[in-house]
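Q: Could you take me through this model slowly, giving the general idea of each feature before the particular case?

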Amino acid sequence: MSEFLSMGGYGVFVWPSFVVTLALMLINVFAARSAVRRALLEARQRFARERSPGAGDPPWQREGAAQ
Amino acid sequence: MWTWFNKLASPPHFYRLAGTLAPWFGWIAGALIIAGLYGGLVLAPADYQQGDAFRIIYVHAPSAWMSLFIYVVMALSAAIGFIWRMKLAHAVAAASAPIGASFTLATLVTGALWGQPMWGTWWAWDPRLTSELILLFLYIGYMALRASMDDLQRADRASAVLAIVGLVNVPIIHYSVVWWNSLHQVSSVTRLGKPTISTSMLVPLLVMFLAFTLYYVAVLLVRVRAEVLRRERNAGWVRELVHA
């Protein structure tokens with residue numbers, strides 16, 4: 001096992017290569033999924049605002065809120 | 001054929017279809033990556049010249065292939081969107097950029113980690129390395145240009161021009177090792193005739209190429225869904241979707 005991890009002495013180059021590539025790929029999966037969630041949330045807030053202006057906004061941005 | 005195409009390009013239909021297909025591509029890509037890792041890290045023998053350092057090829061070469069392939073997809077769909085004013089094509093281009101940029105970064109990092117033990121340097125201003133770095137800047141410039149514009153249609157058209165102009169860099173990267181005297185080795189796989197690499201080394205590499213390509217399709221489908229939602233923000237089907 002330790003022989004496998006040492007990669008003939010090149011372990012410090014081989015393992016980071018695999019970790020960096022696979023980590024970037026994993027991050028992309030989560031980023032893509034959160035982009036869809038964000039787009040759905042934005043659409044929902046927009047439609048809510050259309051129906052009743054100010055709804056869905058944080059309290060300090062609602063109409064009539066103290067400036 | 002044409003009605004099928006029209007149906008596919010209709011945003012609500014594409015949104016649903018992409019949602020169904022993405023997990024399939026994703027899981028198949030994941031399974032192939034595990035198989036490719038096992039083949040590349042365990043089954044394949046060490047290289048007679050490079051020892052175990054050669055195994056970096058199993059993430060470096062597929063990443064490099066994706067960095068170019070995704071750029072071509074991005075530029076061509078941007079061109080289609082620009083010429084025929086197709087929203088879905090612009091969405092594909094916009095969705096491709098972050099994925100392509102990630103693979104370009106992976107290519108440069110794994111290349112440095114391979115260059116240090118083999119060439120004795122992390123980086124050199126070599127034609128292949130420099131043109132790949134320019135590719136990263138093209139991706140970043142494309143994304144920055146889009147982010148700087150609030151109007152989606154203007155962002156689509158302006159960034160399309162940048163993507164299409166940047167396409168000249170792709171053949172430069174690909175042929176850089178042939179045209180110039182590069183430090184980088186020439187391709188062992190896409191040679192005319194027989195690849196100069198043994199089967200037990202080649203098979204895991206081909207598996208990784210396939211896995212990375214399917215992975216791109218999966219992430220692309222998810223990202224295009226987000227882009228379609230942004231472009232269809234006033235459409236009735238989006239209204240129904242968020243209130244369902």
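**The core and the helices around it**

A: Of the 70 residues in the largest nonpolar core, those that touch the most other members are Ile56(B), Tyr215(B) and Ala218(B). A nonpolar core is a set of buried Ala, Val, Leu, Ile, Met, Phe, Trp, Tyr and Cys residues joined through C-beta atoms within 7 Å, and a residue is buried if 20 or more other C-beta atoms, placed from the backbone, lie within 10 Å of its own. The model is a predicted one, in which local features need pLDDT of at least 70 and side-chain atom pairs count only at pLDDT 80 or more, while totals for chains, interfaces and linings use all residues. Residues are numbered from 1 along each chain as its sequence is written, and chains are lettered from A and ligands numbered from 1 in the order in which they are written.

Q: Which element gives the largest share of this core?
A: The largest share, 18 residues, comes from H8(B), where helices (H or I, at least four residues) are DSSP runs numbered from the N terminus.

Q: With which residues is Ala218(B) in contact, leaving aside its neighbours within four places in sequence?
A: Two residues are in contact if their C-beta atoms, placed from the backbone, lie within 7 Å. For Ala218(B), the partners are Ala22(B), Phe25(B), Gly26(B) and Ala29(B).

Q: How should I read two packed helices?
A: Two packed helices are described by the angle between their axes and the distance between the axes. Axes are lines fitted to C-alpha atoms, for helices over the stretch in contact, and angles run from 0 to 180 degrees between N-to-C directions. The axes of H2(A) and H8(B) cross at roughly 20 degrees and come within 8 Å. That makes H2(A) roughly parallel to H8(B), a term for angles under 35 degrees, while over 145 counts as roughly antiparallel, 65 to 115 as roughly perpendicular and the rest as oblique.

Q: At what angle do H3(B) and H8(B) pack?
A: Their angle is about 40 degrees, with the axes 9 Å apart, and H3(B) and H8(B) are therefore oblique to each other. The residues of this contact divide into 13 nonpolar, no polar and no charged, where Ala, Val, Leu, Ile, Met, Phe, Trp, Tyr, Cys and Pro count as nonpolar, Asp, Glu, Lys and Arg as charged, and the others, Gly among them, as polar.

Q: How many residues does each chain give to the contact between chain A and chain B?
A: Chain A gives 25 residues and chain B gives 32 residues. On the side of chain A that touches chain B, 18 are nonpolar, 4 polar and 3 charged.

Methods
A residue is buried if 20 or more other C-beta atoms lie within 10 Å of its own, exposed if 12 or fewer, and partly exposed in between; C-beta atoms are placed from the backbone. Helices (H or I, at least four residues) and strands (E, at least two) are DSSP runs, numbered from the N terminus.
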